Amino acid sequence: MSGPTLTKNDKTHDCSLTLVRGIMVDTFRSPAISALVAGLCLGILSEPDTVFKSFYEPLFRGLLSILMLIMGMEAWARFAGLRKVAHAYILYGITAPIIHGLMGFGVGLLAHQLTGFSEGGVILLAVMAASSSDNSSPPTMRTALPEANSSAVIGTSTGWGTPVSILSIPLFMALAELMMG
């Protein structure tokens, strides 16, 4: 007597589950995700105000300054390599922060209309969306794709994206004034 036969749908389902399981295992083995999960657990199990005041607040400015200094030096060192890679990266670095900021502004405006989200909150959401890739993409790409040419990511996000994000703040403020009165 033979066992149950698997249909094509059963085999596809098993393959999909294996693929999803593999992605989840790789994701949770990532140092960044592990740190995020550990931080969430600490926040749930401890008093966040105590942890923030005693540990995070004193170190934040110094560590952020070091991160920005290192990223700036690396971006400058690789800025010439950006020209060799492609001009499309420069175009993306200039346009993406504005597009992402406008998307964030749209979500904030919708939240304003539905829940009374403040004008300052809408502007802050737009600025956060505009600068979302500036700090996270270089280390993420370096970890996820170490063989990739990092000059494109670092040069684009830090060399072009950060200044455009900062210079777009008056745009979002004027847009909020125009749309929200």
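How far should the 29 residues of helix 4 (residues 87-115) span at 1.5 Å a residue? The expected span, 1.5 Å times one less than the number of residues, should be 42 Å, and the end C-alpha atoms are 42 Å apart, so the two agree. Helices here are DSSP runs (H or I, at least four residues), numbered from the N terminus. The model is a predicted one, with local features needing pLDDT of at least 70 and side-chain atom pairs counting only at pLDDT 80 or more, while totals for chains, interfaces and linings use all residues. Residues are numbered from 1 along each chain as its sequence is written, and side-chain values use heavy atoms, leaving out hydrogens and water.

Helix 4 isn't quite straight: at Thr95 there is a bend of about 35 degrees, taken as the angle between axes fitted to the seven residues ending there and the seven starting there. Pro97 follows within four residues. Buried residues (under 20% relative accessible area, 1.4 Å probe, protein chains only) in helix 4 include Gly93, Pro97, Phe105 and Leu109.

Phe105 and Leu109 also belong to the largest nonpolar core, 10 residues in all. Such a core is a set of buried Ala, Val, Leu, Ile, Met, Phe, Trp, Tyr and Cys residues joined through side-chain atoms within 4.5 Å. Helix 4, helix 5 (119-130) and helix 8 (169-180) each give two or more residues to this core, and helix 5 supplies the largest share, five residues.

Over in helix 3 (residues 48-85) sits Ile70. At 46% relative accessibility, Ile70 counts as partly exposed, that is, between the 20% and 50% limits.
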